[in-house]
Amino acid sequence: MKQFYALLAVSVLACQLSFAAKVDTVVTHSEVMKKDIKAVVVTPDRYADAKALPTLYLLHGAGDAYSGWIKKVPALQQYADQYQMIIVCPDGNVTSWYFDSPVDPAWQYETYVSRELVNYIDKNYKTVKDRKGRAITGLSMGGHGALYLSFRHQDVFGAAGSMSGGVDITPFPLNWNIAKRLGDYEKYPQRWKENTIINMTHLLIPNKLALIIDCGRDDFFYNVNVKLHDELVYQNIPHDFIIRPGAHTWPYWANAIKYQLLFFNDFFNRG
């Protein structure tokens, strides 16, 4: 009897593994930057039988890479199965801030993520090829990037989020290589102001872009996230705003992504 249950357990485990999400590393080409760039793509267990699935683009923070999310939060595979969505983790080249840099043509990550990568994923995977089937979010620099790209490309993304996002870069003129992407703040203050999220809410109209913003109370970006929330309220832009205990840490983001995925799943299921 013990042998029977052992064999049964092995069989169940084998079935579970055979239907588990698949994690691929793909090599994409950026024509605008003339180079190849890697990305992680997680496809859910029933991908082979699906006609078209929604896609979440999940951006990493400064100092990290395309593989950061899947290495530190392997539960993304489970979430892909749970919600039957494709999760794409682009590479932001450590500190691109997902800008098209006006000072360095080698750093054109707005174009890469919002156009070149999206086109690659739509061509090579069974995706919903419409803004209603695309969302984007990220942590820290990636939170800035997700809101930046979605605000500027609302024809591409229908929903966006941010976790501990650097949503106002102007208080940090010497940090995280932002000056290398935009030029020195003291020389180009207007450029910095025009490319920071808190000054971009004029691009939004109520209910067009579904938004979720999340930040820990002990995070050094907490105050700028509260300022963004207040500005969105003033502009009458509906959004979910979540504050929880926590700092700028992976335990916080591993928890936050669960709430964001639920939000995006609801968005995808609105039809």
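Visitor: What makes Q154 count as buried or exposed?

Guide: In this predicted model, Q154 has a relative accessibility of 8%, and because buried means under 20%, Q154 counts as buried. The residue is found in the loop between α5 and β6, where, leaving out residues up to four places away in sequence, Q154 touches R131, L203, L204, K208 and L209.

Visitor: How do you know where Q154 and L209 stand in space, C-alpha to C-alpha?

Guide: Along the sequence Q154 and L209 are 55 residues apart, while their C-alpha atoms are 6.9 Å apart in space.

Visitor: Why is helix α5 said to be largely enclosed by the rest of the structure?

Guide: Of the 12 residues of α5, 11 are buried, so the helix is largely enclosed by the rest of the structure. The buried residues include M141, H144, L147, Y148 and F151, and what covers the buried residues of α5 includes the helices α4 (109-124) and α8 (222-234) as well as the strands β3 (55-59), β5 (134-138), β6 (159-163) and β7 (210-216).

Visitor: How do you know what helix α5 (residues 141-152) should span?

Guide: The expected span is 1.5 Å times one less than the number of residues, which for the 12 residues of α5 gives 16 Å, and because the end C-alpha atoms of the helix are 16 Å apart, the two values agree.

Visitor: What makes the W176 and F220 pair stacked rather than tilted or edge-to-face?

Guide: The search of the whole structure finds 16 aromatic pairs. In the pair formed by W176 and F220 the ring centres are 6.0 Å apart and the planes stand at 20°; since centres within 6.5 Å make a pair and planes under 30 degrees apart count as stacked, this pair is stacked. W176 lies in the loop between β6 and α6 (178-182) and F220 in the loop between β7 and α8, so the pair ties together parts that are 44 residues apart in sequence. Ring pairs also link W97, F172, W176, F220 and F221 into a cluster.

Visitor: Why are W176 and F220 called partly exposed?

Guide: Partly exposed is the range between the limit of 20% for buried and that of 50% for exposed; W176 has a relative accessible area of 29% and is therefore partly exposed, and F220, at 45% relative accessibility, likewise counts as partly exposed.

Visitor: How do you know which ring R181 lies over, and which ring lies under the charged end of R191?

Guide: A charge must be within 6 Å of the ring centre and within 35 degrees of the ring normal. R181 lies over the face of W107, at 3.5 Å from the ring centre, and the charged end of R191 sits over the ring of Y188, 4.1 Å from its centre.

Visitor: How many disulfides are there by this rule?

Guide: The rule asks for cysteine sulfur atoms within 2.5 Å, and by this rule the count comes to zero. As for accessibility, C89 counts as buried at 1%, and C215 counts as buried at 0%.

Visitor: Are N207 and N236 buried or exposed, and what makes them so?

Guide: Exposed means over 50% relative accessible area; N207, with 64%, is therefore exposed, and N236, with 54%, is exposed as well.

Visitor: How do you know where the pLDDT is below 50?

Guide: The protein chain averages a pLDDT of 93, and 93% of the residues score at least 70. Over residues 4-19, however, the pLDDT is below 50, and beyond near neighbours in sequence this stretch has two contacts in the model. Where pLDDT is low, the predicted coordinates should not be read in detail.

How values were computed: Residues numbered from 1 in each chain as written. Predicted model: local features only at pLDDT ≥ 70, side-chain atom pairs only at ≥ 80, totals over all residues. Heavy atoms only, no water. Helix = DSSP H or I, 4+ residues; strand = E, 2+ residues; numbered from the N terminus. Buried < 20%, exposed > 50% of the residue type's maximum accessible area, 1.4 Å probe, protein only. Contact = heavy atoms within 4.5 Å. pLDDT = per-residue confidence, 0-100. Phe/Tyr/Trp six-rings, centres within 6.5 Å; stacked < 30°, edge-to-face > 60°.
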